[in-house]
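Trainee: Please take me through one part of this model in detail. I would like the charged pair first, then the packing around it.

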Amino acid sequence: MADRSVREVASAAGLHHTTLLKVLAGRAWPDLSTVARLEEVLRTNLWPRRSFVP
(Lines give C-alpha, C1' and ligand atoms only; values in the text may rest on other atoms or scores of the structure.)
Protein backbone atom coordinates (compact mmCIF):
# COMPACT_ATOMS: atom_id res chain seq x y z
CA MET A 1 0.00 0.00 0.00
CA ALA A 2 3.12 2.12 0.09
CA ASP A 3 2.34 5.49 1.62
CA ARG A 4 -1.45 5.18 1.29
CA SER A 5 -3.68 4.76 4.32
CA VAL A 6 -6.04 1.83 4.81
CA ARG A 7 -8.98 4.20 4.52
CA GLU A 8 -7.68 5.64 1.24
CA VAL A 9 -7.11 2.22 -0.35
CA ALA A 10 -10.43 0.86 0.91
CA SER A 11 -12.30 3.89 -0.40
CA ALA A 12 -10.64 3.68 -3.81
CA ALA A 13 -11.59 -0.02 -4.01
CA GLY A 14 -15.16 0.63 -2.91
CA LEU A 15 -14.71 -1.17 0.41
CA HIS A 16 -15.33 -0.18 3.99
CA HIS A 17 -12.03 0.33 5.80
CA THR A 18 -12.94 -2.26 8.46
CA THR A 19 -13.33 -4.88 5.72
CA LEU A 20 -9.81 -4.18 4.48
CA LEU A 21 -8.46 -4.25 8.03
CA LYS A 22 -10.03 -7.69 8.60
CA VAL A 23 -8.50 -9.01 5.38
CA LEU A 24 -5.07 -7.61 6.26
CA ALA A 25 -5.28 -9.13 9.75
CA GLY A 26 -6.29 -12.53 8.37
CA ARG A 27 -9.68 -12.47 10.08
CA ALA A 28 -11.59 -12.51 6.76
CA TRP A 29 -11.08 -13.96 3.28
CA PRO A 30 -11.82 -11.59 0.42
CA ASP A 31 -14.04 -12.77 -2.40
CA LEU A 32 -12.75 -12.71 -5.97
CA SER A 33 -14.41 -9.37 -6.69
CA THR A 34 -12.66 -7.76 -3.73
CA VAL A 35 -9.31 -9.17 -4.79
CA ALA A 36 -9.82 -7.84 -8.31
CA ARG A 37 -10.72 -4.37 -7.06
CA LEU A 38 -7.71 -4.29 -4.74
CA GLU A 39 -5.41 -5.44 -7.56
CA GLU A 40 -6.68 -2.60 -9.72
CA VAL A 41 -6.31 0.04 -6.99
CA LEU A 42 -2.90 -1.20 -5.85
CA ARG A 43 -1.70 -1.96 -9.40
CA THR A 44 -0.27 -5.32 -8.39
CA ASN A 45 -1.17 -9.00 -8.52
CA LEU A 46 -2.54 -10.28 -5.24
CA TRP A 47 -3.71 -13.64 -6.55
CA PRO A 48 -1.01 -16.04 -7.72
CA ARG A 49 -0.90 -16.47 -11.46
CA ARG A 50 -0.43 -19.84 -13.05
CA SER A 51 2.34 -20.38 -15.52
CA PHE A 52 1.97 -23.29 -17.88
CA VAL A 53 5.02 -25.06 -19.15
CA PRO A 54 4.51 -26.74 -22.54
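Predicted model: local features only at pLDDT ≥ 70, side-chain atom pairs only at ≥ 80, totals over all residues.

Mentor: Glu8 is partly exposed, at a relative accessible area of 42%. Arg4 is also partly exposed, with 27%. Partly exposed covers the range between buried, under 20%, and exposed, over 50%, so Glu8 at 42% falls inside that range.

Side chains of opposite charge can pair when their charged atoms come close. A search of the whole structure finds 1 salt bridge.

Now the nonpolar side. The largest nonpolar core holds 7 residues: Val9, Ala10, Ala13, Leu15, Leu20, Leu38 and Val41. Two elements each give two or more residues to this core: α1 (6-12) and α3 (32-42).

Leu15 belongs to that core. Setting aside neighbours within four places in sequence, Leu15 touches Ala10, Thr34, Arg37 and Leu38. Ala10 and Leu38 are also members of the core.

Next, His17. His17 sits in helix α2, residues 17-25. Beyond its neighbours within four places in sequence, His17 is in contact with Val6, Arg7 and Ala10. Val6 lies 11 residues away from His17 along the chain, yet their C-alpha atoms are separated by 6.3 Å.

Key: Residues numbered from 1 in each chain as written. Heavy atoms only, no water. Helix = DSSP H or I, 4+ residues; strand = E, 2+ residues; numbered from the N terminus. Contact = heavy atoms within 4.5 Å. Core = buried A, V, L, I, M, F, W, Y, C linked by side-chain atoms within 4.5 Å. Buried < 20%, exposed > 50% of the residue type's maximum accessible area, 1.4 Å probe, protein only. Salt bridge = Lys/Arg side-chain N within 4 Å of Asp/Glu carboxyl O.
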